[in-house]
Amino acid sequence: MSPAYTPPNPNKRRNVMIAALVAVAVVVAAILIVVSSGDNKDQSAAPASNAPLRGLSETKAMLEGIPQEGNALGEQNAPITMIEYADYQCPFCRDYALETMPVLINDYVRSGKLRMEFETLTFVGPDSETAARAGAAAGQQNLEWNFSHLFYFNQGEERSGYVTDAFIDKLYEGAGVDAAKANAYRKTPAAAVPIAQASENAQKYGVASTPSFVIGPTGGPYTKLEVEISNADAFKAAFDALLK
Amino acid sequence: MLDRRLYRAALFLAVVGIAIAGYLTYVHYAGIQPTCTSGGCEVVQSSEWADVYGVPVALLGLIGYLLILGSLLALRGDAQRFASAALSLVGFLYSGYLTYQELFTIKAICQWCVASAAVLTLLAIVTLWRLLVSSGGAAEATDAG
C-alpha cells in the first residue's frame with residue numbers, strides 16, 4: 001500500500017496560530033508594561049538626603065526684590081490678582097511653577113501689574129499636608145514663595161514619603177527661613193488653617209484639580225481661569241484683558 | 001451568524017473605546033479636568049503611570065482603539081479576526097496592569113480609565129470568541145447565507 005496523502009489538518013494549524021497570537025500579545029503587553037513602569041524612575045526618585053539642593057540660583061533670581069506677604073507675591077496695590085490652587089506633591093504644579101510661572105512673574109508681577117497668591121490643597125496624600133504646613137510656616141516669615149519654588153525644584157515621587165523633617169530643613173536653609181521658628185510653627189493648629197481655607201475657597205470656585213487658577217481685580221470678584229498650564233501667552237492674554 | 005454578531009459587537013465596542021480615549025486625550029492636551037464623580041481622576045491622571053515617555057496613556061489607548069477599528073474595517077476573513085484579537089488582547093492586558101496600579105498603588109479610581117478597561121475586556125472576549133468559533137475561511141461562506 002502506498003501511503004495516502006493526508007492534507008495538513010487546518011484546525012490544528014489554526015489552533016497553533018491562535019496560541020502563537022496569544023503568546024505574542026502577552027509579550028507585547030509585557031514590553032509595554034516594563035517600558036511604562038521604568039520611564040520616570042530616575043527623575044522622580046526621592047532626592048537623596050545628602051544631594052545638593054536644586055534651583056537655588058533660579059529661585060533667588062526669580063523672586064529677588066519682589067515683596068512677599070504671607071502666601072502673596074507682588075505689590076499689595078497691584079490692579080489684578082491671580083490665586084493658584086496647588087498641591088506640593090503634584091507634578092503638573094511643578095511643571096507650571098518651573099516653566100510658565102517665572103515668565104509671568106518677570107513680565108507682570110515684577111512690574112507691579114499682578115499679585116499672585118498661593119493656596120495649597122492636599123489631595124495627593126499626607127506628605128501634601130506636611131509640605132503645606134511647612135510652606136505656611138515659611139509664609140509667616142514672608143518666604144513662602146522661596147520655599148515653594150525650591151520645593152518644586154526638588155520635588156520627589158508622589159507618596160514616596162520624601163517630605164521628611166530633614167528635607168524640609170534643607171529647603172528652609174535654602175530659602176533663608178529661620179528653621180527653628182518655622183518648625184515650631186508648622187506643627188501648631190494655626191499652620192492647618194490656610195489649608196482648610198484653601199479647600200473651602202477651592203470648592204467655591206469649582207476647583208477640582210491642581211494647578212487651578214482664579215483671577216480678577218485685586219480684592220475680587222475672582223473667576224476661574226481655564227488655560228493650558230504650559231501656555232504663558234494664554235495667561236498673559238487673560239491678564240491683559242483685565243488690565244484694559 | 002454568530003461571527004457576524006460578534007463582528008458587530010466588536011465594531012460597536014471599538015467606537016465606544018474611541019469615544020472614551022478620545023475624550024481623555026482631548027482633556028489631557030486642553031489641560032482641563034475630566035468630568036469625574038469618583039474624585040480620583042486628577043490623582044490618576046497626574047500619577048507616574050499616566051504617560052509613557054511623555055506620551056499620555058489616553059493617546060496610546062486612542063491609537064489602540066483606532067487600530068482595532070481599522071483592522072475590523074480594512075481587513076477581511078481570518079486576517080481580520082487574528083489582527084483584531086491580537087490588538088484587543090494587548091490592550092486588555094495593558095489596561096489590566098493600569099487598573100491594578102490604580103487599585104493597589106495609586107489607590108484612586110478614575111472612572112473613565114475603568115470604563116476603558118471594561119471596554120477592552122469585552123473587546124478581548126468578543127474578538128477571541130470570534131476567532132475560536134470560526135474555522136478560518138470556511139466561515140465566510142456560511143456568513144453569506
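Trainee: Where is Asn142(A) found?

Mentor: Helices and strands are DSSP runs (H or I, at least four residues, for helices; E, at least two, for strands), numbered from the N terminus. Asn142(A) sits in the loop between α5 (126–140) and α6 (144–153) of chain A. Keep in mind that this is a predicted model, where local features need pLDDT of at least 70, side-chain atom pairs count only at pLDDT 80 or more, and totals for chains, interfaces and linings use all residues. Residues are numbered from 1 along each chain as its sequence is written, while chains are lettered from A and ligands numbered from 1 in the order in which they are written.

Trainee: What is the phi of Asn142(A)?

Mentor: Asn142(A) has a positive phi of about 55°, although it is not a glycine.

Trainee: And why does Asn142(A) count as partly exposed?

Mentor: A residue is buried if 20 or more other C-beta atoms lie within 10 Å of its own, exposed if 12 or fewer, and partly exposed in between, with C-beta atoms placed from the backbone. Asn142(A) counts as partly exposed because it has 16 C-beta neighbours inside 10 Å.

Trainee: Where is Arg159(A) found?

Mentor: Arg159(A) lies in the loop between α6 and α7 (165–175) of chain A. Its phi is near 55°, a positive value in a residue other than glycine. Arg159(A) is partly exposed, with 18 other C-beta atoms within 10 Å.

Trainee: Which peptide bond is cis, with omega near -5°?

Mentor: That is the bond from Thr210(A) to Pro211(A). Pro211(A) belongs to the loop between α9 (193–205) and β5 (212–217) of chain A. A cis peptide bond also joins Gly220(A) and Pro221(A), with omega about 0°.
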